[in-house]
Amino acid sequence: MATQPLPIAPVPLTVEQAEAMSQRQIKKHHVAIMLLHWFNAAVWLFELATGTALIASPYFRVMPYWYINMMTTLFGSRANMLHFHIAVGILWVVVFLVYGIFGFRTYLARQILGKEIALDRDDFRWLSIRALRILKKSDEPLPPQDSYNAGQKLFALLVYAMIPIIMITGLIMAFHLVSTAVVGWAVVLHFTAVGLVVSGLMIHVYMGAVFPEEKPAFFSMITGMVSELYAYRHHFKWWKEVKMQEEAWTHQFQGGSGSTGVASPPLGESAIPSVAPEKAEAKRGSPGMFRRIFRSPEYWPPYVAGVGLGLTLLATFVLMGQGLGASGAFTRYLVAILAWVAPHYTFHSSYWSNYIQPGQSPLIAFLTFEIFGAMLGGFVSGWLAGRLRITVDKGPRISRRTRYALAIAGGILTGYGARLARGCTSGLGLSGGAVLAFGAWVFMLGVFAAGFGGAWLMRRYWL
Amino acid sequence: MRDKFTRREFFRRSTVAGTLATVSPSAGSAKPHPPGWRGDTRVATIATNCEMCFWRCGVLAEVANGKVLKLEGNPDHPLTHGRLCARGNAGPKLLYDPDRLKYPMLRVGERGQGRFKRISWDEALDFLAERLAELKQKYGPESVAIFPHGVAPAFFLTLMRAYGTHNMAEPAFAQCRGPREVGYALTFGQGLGSPEPVDLEETKLMVLIGTHIGENIFTSQITAFAEGLSRGAKLIVVDPRFSTAAAKADWWLPIRPGTDIALLLAWMHVLIGEDLYDKEYISKYAQGFTELAAHLKEFTPEWAEAITELPAAKIRATARAMAAAKPAVALHPGRHTTWYGNDTQRARAMAIVTALLGSWGRKGGIFLPTEIKTGKFALPAFPQPKRERADGAGTRYPLASEEQGVTNGLVDATVTGQPYPIKAWIVYGQNVLESIPQRPRTLEAISKLDLMVVVDVLPMEQIYYADLVLPEATYLERFDMPQIAQSAKQPYIAIRQPSIKPLYESKPGWWIAQQMAHRMGLEAYFPWKTPEEYLETLVRPLGVNMDVLLTKGAVAFPGRPYISDRLPEDGPLFPTQSGKIELYSPLLKQLGFDPLPRYTPIEEPPVGYFRLIYGRAPVHSFARSQNNAWLDALMDENVAWINEDAARDLRLSEGQKVILENQDGVRSLPIRVSITKGIRRDCLYMVHGFGHESRRLRLAYHRGASDTGLMTRVKVDPIMGGTGLRVNFVKVVTV
Amino acid sequence: MSAPYFQTFSLTTYLAVSLLLGFFFGFFLERAGFSSAHKLTAQFYFKDFAVLKVMFTAIVVAMLGIAYLSLVGWLDMGQVFVPPTYLWPQLVGGLLLGAGFIVGGYCPGTSAVAVAIGKIDALLFALGILMGIFLFGVTAPRITSFNLSGYLGNLTIPTWLNLNIGIVVLAVVVLAMVAFWAAEKSEGPWKVFARLYGKPSKGDERR
Amino acid sequence: MARYAMVTDLRKCVGCQACTVACNSEWAVPTGFARTHVHPTGVAGTFPHLVSSFYIAQCNHCDHPACIEPCPTGATYQSADGIVHIDRDLCIGCGYCVEACPYDARYINPVIKKADKCDFCWPRVQKGLEPACVLTCTAHAKFFGDLEDQNSDVFKMVYEQGARRLETSEVSIGPNVYYLGKKEDVDLVFASFPPHRPRLLRAGEVWRRYLRPLVLGAIGATFLGQAIAFFHQLRVGEDEFEE
């Protein structure tokens with residue numbers, strides 16, 4: 001079957017071709033996606049209905065009072081309505097999570113990470129032309145579209161961006177997570193995100209359910225299939241892709257007997273050429289000052305890094321009245337976990353309750369945020385220097401599993417030692433050393449003594 | 001179009017709608033508690049009295065399944081009528097204080113390290129009985145000294161008297177009320193007792209000399225003080241500091257500290273000089289008036305102005321105001337009155353002014369106590385101690401009370417070994433390191449002891465030096481000797497009964513005394529099994545129905561507060577040697593002291609030093625309540641009041657942390673500075689009871705600074721042994 | 001108003017500043033190579049004294065800064081936190097931490113940074129730290145006496161030697177110079193120690 | 001209907017904080033928080049004529065409360081008798097009301113994570129008991145009652161003895177806690193603790209200034225676009241897409 005070259009744009013069809021095409025059905029939506037879509041639609045219906053009724057403050061109100069009051073009496077009390085709203089919200093989050101965790105690669109990856117909803121040049125032109133056509137400013141034909149046209153892509157991007165915000169802020173408000181200030185912001189962000197989605201939702205519903213041209217799209221969300229003609233007319237690039245896949249599929253099984261000998265490379269994503277990073281770099285010409293300092297993989301000379309660290313330490317003393325630290329942060333994270341896992345034990349244990357201020361989570365402290373910042377700093381510096389790689393630092397002569405065991409054992413010793421000394425190399429060594437605390441220098445003596453002493457015993461594991 | 005359905009309309013309708021939808025009308029904040037219920041738990045209400053300080057206000061404890069939910073004032077209490085101060089309300093946080101002493105502990109390691117091992121009650125009591133027997137045999141029973149405080153040790157003192165020692169001393173005398181009791185007893189033949197019989201709600205003029213009513217909170221006294229003020233009574237406040245009371249005063253006299261006697265003498269001079277005193281009252285009841293008048297010749301207001309730095313006109317004006325209001329003048333005798341070592345003479349002077357105004361036993365002045373005769377147990381005679389009292393009461397300090405004792409006298413005896421060595425201390429409910437000044441001396445005394453026992457509720461600093469520590473149950477968990485308040489306008493008997501079983505292994509005082517009596521063969525002195533039985537015997541002669549007492553918590557009796565309603569069986573009006581008010585005291589003359597109060601100048605603070613004065617805060621009791629979570633949240637540390645100009649000279653900024661160093665070089669913990677106009681330049685004021693050194697008091701440890709720590713110098717009152725505490729000077733050392 | 005300024009910060013600013021300071025802390029640590037266990041442990045095998053150099057430089061810079069600013073009166077030392085000295089717990093704690101360092105390859109701060117750039121062993125080291133801290137929390141009540149022994153309050157070296165702070169600062173700077181000289185000179189006489197552990201392994205040059 | 005109010009007599013009040021602790025105890029307010037506060041004014045005036053008093057702060061149950069409007073869910077509402085309630089089941093603890101109250105009478109209870117404030121001990125009053133602070137006041141300086149009942153203490157004190165409300169020209173929303181006492185004392189208290197203008201949380205400000213216009217703009221724009229498309233479709237007619 002000779003394969004004619006496929007046209008690059010939809011050409012007018014003869015009636016027979018159109019008739020044939022309209023009979024054939026192409027699969028557009030996977031059943032899981034359809035179920036998710038209608039579940040989502042139902043959730044949005046309930047949540048919008050109760051949500052707008054819940055907002056009673058004139059600052060935020062969107063619905064008139066008669067509506068708010070009607071819904072209140074419907075649910076018996078505003079508290080019941082809130083609990084209903086939260087219950088549906090949680091169900092929504094759980095379902096999406098289940099989809100996200102288990103179905104990610106099969107259903108959502110293609111859409112989110114693939115290029116299915118990525119806007120390209122055609123899409124932008126489509127948007128501008130469509131608007132101008134309605135306003136009678138131009139009658140150019142609409143550029144070919146992917147499986148989702150530009151408008152649908154825009155709405156999909158909006159929804160994928162806003163849904164996490166709505167979910168997170170919703171949970172924060174429902175369970176008063178983190179702090180009051182955060183809940184205050186969550187209220188505002190929740191309303192904004194919902195508002196923006198609603199702005200897109202109107203067109204989505206209008207286009208889907210009301211606009212005649214798009215009627216097949218509406219039914220495709222029920223049957224999962226669209227007619228080839230509709231695909232050809234409205235989503236040409238997607239139609240072409242499906243066509244090429246069909247040919248490749250048939251070719252692979254029928255034409256493989258070697259007659260033509262030339263097997264056209266199978267289409268599909270894997271064929272995307274991957275450009276080796278080194279080559280990419282060379283291409284960009286000689287590295288400038290910024291790149292040489294920050295992007296080069298070599299470490300900085302210790303004195304320069306030392307001065308940088310020293311100035312940061314000084315700034316910390318000047319601003320915060322205390323030095324940098326790390327082991328304290330680990331302790332607070334542990335207490336937070338313990339308080340969450342076994343609150344009774346933590347509150348009553350003589351040691352852990354020292355870290356708990358009544359009415360404040362142990363995470364709200366200088367050290368916890370500082371160590372988190374340190375990880376960010378490390379990440380950025382590692383990223384700039386190209387050192388971001390999931391690796392393991394281990395001596396050449398030992399296996400990974402031994403290294404992991406050593407790391408954990410070393411960690412336990414360090415954790416215990418740090419608490420005993422009330423600080424670690426950064427908290428007590430650096431900061432204590434800078435203020436010339438007597439204990440700090442004794443502590444550093446201990447660290448280096450054990451370090452050098454133990455080195456001989458551990459030489460097999462590191463060298 | 002604007003929704004005409006306005007917001008307020010919306011809410012009114014939604015509430016109505018809410019009701020229509022048969023949701024309970026007050027849907028929303030906490031559901032109402034039906035009577036006898038709190039939320040959904042059945043609640044029992046137990047009437048007892050409070051021990052967060054020594055006023056013992058009436059308290060109702062709401063208890064549900066073994067837990068005290070809330071304390072509230074007891075409306076049936078004859079003195080406090082349902083009112084309760086901040087500390088009273090914070091009782092549950094003492095009961096459930098995680099740092100409480102939980103089980104008996106025996107010292108391991110050196111004294112001062114505070115290292116103990118847990119032992120059972122039997123082991124502890126056997127250990128104590130054995131050591132007491134050993135001490136009695138080696139050094140005699142008098143070698144054991146007891147430092148009690150409050151009502152809890154009452155039964156234990158009976159035990160120790162039966163053991164054979166009379167060396168007992170509580171700070172209530174030599175560090176607090178001593179001088180005033182002795183001064184008024186020398187003048188009117190009887191002391192004042194507690195609650196003070198000051199008729200504040202009926203008075204026309206109140207005079208407070210160094211008494212911080214409003215910062216020192218005794219609930220019923222505050223109610224009377226406030227009622228009096230709102231009825232238009234005038235107020236004179238004599239205080240170097242602009243206290244809460246001074247803020248309400250019509251005359252605030254910012255007197256130079258230590259010169260109160262000069263002011264009082266000047267007042268007497270004006271009252272007698274301008275013939276304003278109550279002539280009829282004095283001629284009828286007093287003697288020694290002529291010697292007094294002669295004595296006052298040259299103590300003119302002008303003379304007093306030079307000493308007290310108070311304008312003579314103001315002294316004259318206040319004297320005349322008192323004369324105008326007499327006899328309804330309530331000259332408050334004060335409560336903590338051990339200030340400069342001449343305190344008994346000052347109390348005498350205040351008593352004489354009260355007499356000149358004729359307000360003793362008169363409406364609006366100082367009313368008289370009414371005796372209540374309670375029942376007694378026929379106990380065998382207590383053994384007569386062979387040697388005299390070690391604390392000098394009756395010997396070194398002739399007029400010191402032998403019933404309350406002189407704490408600093410006992411400390412001196414232990415340090416010097418004179419008149420005989422003291423080998424054991426039993427500190428029961430007292431904080432010897434916080435209430436007795438000269439802390440190094442007390443520690444030196446403790447180092448000389450063979451045995452140091454502490455019975456307490458909280459792990460104060462002193463347990464670090466104790467050999468044996470016994471945990472006592474708090475006032476909400478125990479029976480105590482009932483309060484017989486004879487100095488209230490309506491005398492009453494009020495009981496303390498447990499609202500829940502003692503927590504952890506803490507035990508009530510009566511149980512400890514009874515157990516020790518069995519081990520020491522002194523059962524004869526405890527002829528009752530249960531405290532209810534004891535109470536029954538005590539109350540029977542009063543004809544009080546036990547059930548009413550147990551449910552209401554207190555029963556009042558008709559009072560005879562004024563001279564006019566005295567009955568013959570109340571005994572002589574003025575039980576002095578002469579049977580009259582002794583303006584001139586022959587007893588003092590006979591003991592070699594000034595029969596008439598005289599102003600003797602006291603040492604002034606050296607340049608750069610302030611005189612350390614101290615006082616109370618409304619949310620704390622002495623040094624006891626700093627570890628109470630609710631009270632700590634309201635005031636977690638004390639601050640040092642410093643005059644604005646003095647602070648400017650020292651370049652101090654508000655809230656800055658400084659260290660105070662006294663004349664002997666002793667330094668305090670860091671304390672914040674509070675710069676104010678409301679204190680004289682030469683004084684520095686701080687609230688007593690902070691700067692705790694006990695690491696086991698997690699909320700109170702090292703919070704604020706300790707005034708007692710800075711009191712390394714005292715001036716002992718020769719008449720009754722009280723320790724004048726306001727003789728220490730401090731300078732500010734910036735950190 | 002004299003530094004430190006944290007009292008005047010609102011909670012959000014306080015936390016934001018903490019985050020920012022932490023960012024630079026992590027950034028410089030990673031820049032110095034402290035995110036690699038090899039670079040950190042190389043120190044104990046006399047191959048690369050980066051740890052000593054960076055830490056000592058940081059201490060000297062901060063110490064000079066603090067001494068100067070408090071001298072000028074801008075930094076109010078009264079409000080600066082000086083870690084209290086618990087002599088024996090800190091000595092034993094140091095030994096334990098040193099041992100943990102050589103066995104595990106990191107210390108708490110550097111392990112956090114190493115985790116950030118993807119080191120799995122650093123992640124396990126961090127989990128180890130949490131376990132160690134939990135172990136301490138559980139055993140703390142039993143070792144309180146040791147845990148509080150050797151308490152010398154907020155003792156600083158100047159007060160310990162009762163020397164003027166200026167002299168002590170100078171001494172530390174000199175000590176640092178000597179240490180740096182010795183580290184640089186490790187090619188010289190100290191090389192014998194390096195030979196003790198044989199020539200550097202292949203993986204060493206690059207990291 | 002009633003109009004409940006409270007009067008504090010500063011001549012009698014000695015600032016002993018019994019009210020604060022009794023209230024905390026009655027309503028299990030977490031340690032470190034309180035529904036009513038006692039703020040000393042410190043010492044003012046010139047020696048020797050000095051002035052000092054106490055400001056007893058609590059919810060004033062204002063005639064026109066500033067805390068009801070910003071509450072997103074309408075959890076806080078004012079019943080006809082003037083008492084401002086909080087529906088704990090409906091409150092999400094967002095803090096808008098706390099920021100809005102000019103008298104800082106509200107706080108977020110960290111244990112139950114809801115807004116909390118003095119509600120004049122409404123459950124006790126319903127049972128015929130006095131509010132906890134009024135019962136325990138050692139100086140008998142606090143009075144609670146119905147302003148519309150002629151022979152109540154509060155009526156006499158407000159309308160006959162001239163008890164005053166803490167209001168300024170800037171903020172006058174009709175607080176119903178009145179203060180009685182010497183003129184200089186009450187003036188000092190009012191001068192030391194003026195109510196601040198009702199504030200909106202910064203999140204609220206951002207919402208009002210940027211986010212709300214953004215959302216309304218977006219919805220408006222898409223609605224407009226869709227409307228035009230709809231009319232266009234009507235005009236052009238249903239060119240049914242041949243199936």
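Biologist: How many bridges join β3(B) to strand β4 of chain B?

Modeller: In this predicted model, an open sheet of chain B places three strands in the order β3-β4-β5, with antiparallel pairing. Strand β4, residues 58-64, runs antiparallel to β3(B), and within this pairing Ala44(B) has Val63(B) as its bridge partner. The number of bridges that join β3(B) to β4 of chain B is six.

Biologist: Which strands of that sheet in chain B stand at the edges, each with a single partner strand?

Modeller: The order of the open sheet is β3-β4-β5 (chain B), and its neighbouring strands are turned by 30 degrees against each other on average, direction ignored. A strand with a single partner has one side left without a neighbour in the sheet, so the edge strands of chain B are β3 (44-49) and β5 (67-73).

Biologist: Where does β24 of chain B find its partners, and which residue of β24(B) stands opposite Trp641(B)?

Modeller: Strand β24 (residues 671-676) runs parallel to β22 (residues 639-643) of chain B, the two being joined by five bridges. Two bridges join β24(B) to β23 (residues 657-662) of chain B, and that pair runs antiparallel, with Val658(B) taking Ile671(B) as its bridge partner. In the parallel pairing with β22 of chain B, the residue that stands opposite Trp641(B) is Ser674(B).

Biologist: Which residue in β12(D) is the bridge partner of Val7(D)?

Modeller: Chain D has an open sheet of four strands in the order β10-β1-β12-β11, and the pairing is mixed. The edges are held by β10 (142-146) and β11 (164-165) of chain D, each with a single partner strand, so one side of each is left without a neighbour in the sheet. Four bridges join β1 (residues 4-9) to β12 (residues 177-180) of chain D, which run parallel, and the partner of Val7(D) is Tyr178(D).

Biologist: What area do chain A and chain C bury between them?

Modeller: Among the five pairs of chains that touch, chains A and C have the most contacts, with 117 residues of chain A in contact with 129 residues of chain C. On the side of chain A, Tyr299(A), Leu436(A) and Phe438(A) lose the most area to chain C, together 7% of what that side buries. Carbon and sulfur atoms carry 79% of the buried area, whose total is about 10,700 Å².

Biologist: Which element gives the largest share of the side of chain A that touches chain C?

Modeller: The elements of chain A that give two or more residues to this side include α13 (302-320), α17 (400-421) and α19 (438-462). The residues of this side divide into 75 nonpolar, 33 polar and nine charged. The largest share, 19 residues, comes from α19(A).

Notes:
Residues are numbered from 1 along each chain as its sequence is written. Chains are lettered from A and ligands numbered from 1 in the order in which they are written. This is a predicted model: local features need pLDDT of at least 70, side-chain atom pairs count only at pLDDT 80 or more; totals for chains, interfaces and linings use all residues. Side-chain values use heavy atoms; hydrogens and water are left out. Two strands pair if DSSP finds at least two bridges between them. Axes are lines fitted to C-alpha atoms, for helices over the stretch in contact, and angles run from 0 to 180 degrees between N-to-C directions. Contact means heavy atoms within 4.5 Å. Buried area is the accessible area (1.4 Å probe) that two parts lose on being put together, summed over both. Ala, Val, Leu, Ile, Met, Phe, Trp, Tyr, Cys and Pro count as nonpolar, Asp, Glu, Lys and Arg as charged, and the others, Gly among them, as polar.
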